[in-house]
Amino acid sequence: MNNQNEILQKQNDRKMLECQFAARHFYNTAERCSIIAFSCAIVSLSAVFLPKGASSAYSTATYIIPLLLDAISIVYYWRMEVSVSSAAILRNYFDEIVLGLKTATNSNNDICRIKRLIIDATKKNEKEWKVQVTNTGKDTPPGVKDWYQFSQQYTKSDAVFECQKQNCMWNRALSRRRVRNSVVALLLCIILCFICGYLFHVSIPRIILCLFSAILTLSNRLIENIKYIRLSIKIDDICEMLEVSKNNVHIFSLQKLICQRRELNVVESNRIHRKHSKSLSEMYEQITQQDD
């Protein structure tokens with residue numbers, strides 16, 4: 001494990017800044033793919049509300065269009081998975097170097113992949129890259145500089161655990177907002193389904209069938225979110241245990257779980273992160289500062 005000074009120095013090395021920028025780029029790409037895939041799936045399912053037409057061309061279109069939208073949805077879900085995988089390997093590699101916690105063995109192919117991903121992200125987004133490597137989490141827009149911040153002096157194991165706690169804090173804060181927004185969106189969709197059903201004279205059983213189909217279509221997202229929540233509970237439990245008594249075994253176990261959670265196909269909202277980054281950073285700093 002690295003000590004506090006090593007963490008502060010290594011996290012702002014050019015290669016590590018590039019790594020963090022690339023990770024954020026691919027997570028944001030994954031989020032956009034997720035939104036497109038989800039939207040296509042919902043629009044496809046809403047075809048159940050289309051009125052019946054007299055012409056055969058219209059009837060054919062009501063079948064073909066949903067199928068095309070389903071195909072687009074599948075492609076973008078696949079792109080989301082690829083982007084999440086890319087982002088996870090980058091962020092896990094960052095922690096491995098900066099924190100000195102080697103939780104996985106990166107082969108030569110893995111290292112080559114990491115380098116390719118960094119080059120791909122930085123070369124195609126040079127303007128954004130220059131802003132992100134200059135800005136910290138307290139700036140607008142938030143950047144990747146000073147990723148981990150310390151409000152006091154920590155010993156080696158305490159410094160690493162402090163970084164892990166910051167990871168958990170950010171995840172907890174952003175996921176709560178994401179879940180809340182998702183629940184509101186789901187309720188609005190259900191209400192909208194019944195309103196459309198009433199306006200287009202669709203029977204209640206057909207509406208229920210449509211909602212059931214939506215759940216089946218989006219079941220993979222539901223399963224991934226359930227895994228995410230369960231893993232987050234395990235992570236929070238280990239964090240609480242380490243607050244009482246620290247040992248290297250549990251610190252490594254915690255890091256493995258954090259790495260596993262990053263690999264799940266669940267992404268936080270970049271919009272929410274940009275909006276709350278400054279306030280969350282300042283709040284956490286105030287909480288962890290030692291009283292005079």
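**View 1. The loop between α5 and α6 contains D146.** In this predicted model, D146 has a phi near 50 degrees, a positive value in a residue other than glycine. The loop that holds D146 runs between α5 and α6, and α5 itself covers residues 126–132. P141 is also placed in the loop between these two helices. The peptide bond that joins T140 and P141 is cis, with omega at about 0 degrees. Most residues other than glycine have a negative phi, and most peptide bonds are trans.

**View 2. The protein chain is built from 10 helices and zero strands.** Along the sequence, the pattern reads α-α-α-α-α-α-α-α-α-α. Taken along the principal axes, the C-alpha atoms fill a box of roughly 75 × 40 × 35 Å. The mean pLDDT of the chain is 85, with 93% of its residues at 70 or more. Confidence is highest in helix α1 (residues 4–10), at a mean of 94. The lowest confidence belongs to helix α7 (residues 204–217), where the mean is 65.

**View 3. Helices α6 and α8 pass each other in a left-handed crossing.** Two packed helices are described by the angle between their axes and the distance between the axes. For α6 and α8 (residues 219–244), the axes come within 11 Å and cross at roughly 140 degrees. On the α6 side, the contact is made by F161, K165, C168, N171, R172, S175 and R178. The α8 side contributes N225, Y228, S232, I235, D236, C239, L242 and E243. Sorted by class, this contact of α6 with α8 has six nonpolar, four polar and five charged residues.

**View 4. The second largest pocket holds about 860 Å³ of space.** Its lining is made up of 38 residues. Those that lie nearest the centre of this pocket are R91, W147, W170, L174 and H273. At least two lining residues come from each of α2 (14–45), α6 (156–199), α9 (248–263) and α10 (270–288). The lining of the second largest pocket is divided into 14 nonpolar, 14 polar and 10 charged residues.

**View 5. One cavity of 30 Å³ or more is present in the structure.** Rolling a probe the size of a water molecule over the atoms shows where empty space is left. The largest cavity contains about 40 Å³ of space. Y77, M80, E81, N220, R221 and N265 form the lining of this cavity. Helices α3 (56–99) and α8 each supply at least two of the lining residues. The most is given by α3, with three residues. By class, two residues of the cavity lining are nonpolar, two are polar and two are charged.

How values were computed. Residues are numbered from 1 along each chain as its sequence is written. This is a predicted model: local features need pLDDT of at least 70, side-chain atom pairs count only at pLDDT 80 or more; totals for chains, interfaces and linings use all residues. Side-chain values use heavy atoms; hydrogens and water are left out. On a 1 Å grid over the protein atoms alone, a cavity is a set of points where a 1.4 Å probe fits but cannot get out, and a pocket is an open set with protein on both sides within 12 Å along at least five of seven lines; lining residues have an atom within 4 Å of a point. Grid points are joined across faces, edges and corners, and a volume is the space filled by probe spheres set on the points. Helices (H or I, at least four residues) and strands (E, at least two) are DSSP runs, numbered from the N terminus. Ala, Val, Leu, Ile, Met, Phe, Trp, Tyr, Cys and Pro count as nonpolar, Asp, Glu, Lys and Arg as charged, and the others, Gly among them, as polar. pLDDT is the predictor's confidence in each residue, from 0 to 100. Axes are lines fitted to C-alpha atoms, for helices over the stretch in contact, and angles run from 0 to 180 degrees between N-to-C directions. A crossing is left-handed if the near helix is turned anticlockwise from the far one by less than a right angle, and right-handed if clockwise. Contact means heavy atoms within 4.5 Å.
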